[in-house]
Amino acid sequence: MSLGQRLALLASRLQEPQRVASFQRLCGVEVPLSSPAADEDAETEVRGAPREPRRRGRQPGAEDSPAKPDCCGAPNGVRNGLAAEPGPTGPRRAGSQRRNSLTGEEGELVKVSNLPLYYLFCLGTELGNELFYILFFPFWIWNLDPFVGRRLVIIWVLVMYLGQCTKDIIRWPRPASPPVIKLEVFYNSEYSMPSTHAMSGTAIPIAMFLLTYGRWQYPFIYGLILIPCWSSLVCLSRIYMGMHSILDVIAGFLYTILILIIFYPLVDLIDNFNQTYKYAPLIIVGLHLILGIFSFTLDTWSTSRGDTAEILGSGAGIACGSHAAYTLGLSLEPSLHTLPLAIPPLTVTLFGKAILRIVLGMLLVLLVRDTMKKVTIPLACKLFSIPCHDIRQARQHMEVELPYRYITYGMVGFSITFLVPYIFSFIGIS
């Protein structure tokens, strides 16, 4: 057997859904024998047909805006939770993870016998979701180091955009259920290869280390610990949730390494261009729109289209905001002779200002997001003559989803790098 044949055989084995199901059982996840889902599994195994995820009708009075996260903090209309299961055996039943508010799909009701792993992998999968991004990047820009924060966003946008486009080119399906147990279905309408969670979970810690080591004073070993822990947690969480095969996450990891090798040397050039070139905002907006139009050629609707528009809009807004902040003198970089920077001691004043900036800044960002959402969706519906009585259905139209996502998150990004820092400077907490 040649090397190519061996690699093809290995890839085929790593893609098998049975391996995902085995990992889930090893971690203590299984469908309760007494549940309707288990009965359906038995029926579908006889018929040989895969079972579709559960769907739930829209509840009266339910809002179309994202629900507030609870224990695992998932955004975009997601609902998490655990309910105790009485009985002497001790396992608990986990409710649906990340219900898709646009399609009504829900995850399966499962029995979890290892709660520490359940919560750990919930945390891991959240490291690739909107709630994490909308807290993580502003925290860097407002409290830690805007220089690093802007460059992290550039890398994140590039990696996520290429990952989403690659998914829609390869078009591999998610792992089959059964045998895989779907704890999460929010991204179930997307294709599977590569895992963009794995890509983000690899790119962010590596980029953090590359951007901060030598700029800040800290031991090299910290980076060597951070990168494998962060990346492996995110990658394993996607297998645990039943969203990706082993091959998907390995491909996402390796694809990210390749992207970083090629594009990381250009990050400084891109950031300097965004800040200093006179006509940068026009080029930034135009380029991100062109990239979006080029990638929005899906055969059917999926969350991938909206996520891609959201990523591009956020990147364009943050870049334009950094240009405006630089032009008005809000971006103050330390002199080169002061590097590497020393980590300041944690004082009550420093901690208090950081908390105040996060609370006030996030309130402003969420206000901008909700305001733009309420304006852009009805306006797009009116412009393209799309019925607006059901927002969930309206948002599945490309003519509504793309302007809504791009404009809304473009303004969110602009607020993060310009509007909020300007207010901080005005009230004296910058």
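Predicted model: local features only at pLDDT ≥ 70, side-chain atom pairs only at ≥ 80, totals over all residues.

Colleague: To which residues does one look for the most contacts inside the largest nonpolar core?

Modeller: A nonpolar core is a set of buried residues joined through side-chain atoms within 4.5 Å. Here the largest one has 65 residues, and those with the most contacts inside it are Phe-136, Leu-152, Ile-204 and Tyr-240. Helix 6, residues 146–170, contributes the most to this core, with 11 residues. A second, separate core has 12 residues, including Ile-134, Val-365, Val-420 and Phe-424.

Colleague: How many cavities of 30 Å³ or more does a search of the whole structure find?

Modeller: A cavity is a space where the probe fits but cannot get out. The search finds 4. The largest cavity holds about 360 Å³ of space. Its lining comprises 28 residues, with Glu-130, Tyr-133, Trp-156, Glu-310 and Ile-311 nearest the centre. By class, the lining of this cavity divides into 12 nonpolar, 9 polar and 7 charged residues.

Colleague: What is the volume of the largest pocket, and which residues are closest to its centre?

Modeller: The largest pocket has a volume of about 1,300 Å³. It is lined by 44 residues, of which Trp-140, Asn-143, Leu-144, Asp-145 and Pro-146 are the closest to its centre. The lining of the largest pocket consists of 28 nonpolar, 10 polar and 6 charged residues. Among the elements that each supply at least two residues to this lining are helix 8 (220–240) and helix 13 (348–383).

Notes:
Residues numbered from 1 in each chain as written. Heavy atoms only, no water. Buried < 20%, exposed > 50% of the residue type's maximum accessible area, 1.4 Å probe, protein only. Helix = DSSP H or I, 4+ residues; strand = E, 2+ residues; numbered from the N terminus. 1 Å grid on protein atoms, 1.4 Å probe; cavity = no way out; pocket = protein on both sides within 12 Å on 5 of 7 lines; lining within 4 Å. Points joined across faces, edges and corners; volume = space filled by probe spheres on them. Nonpolar A, V, L, I, M, F, W, Y, C, P; charged D, E, K, R; others polar.
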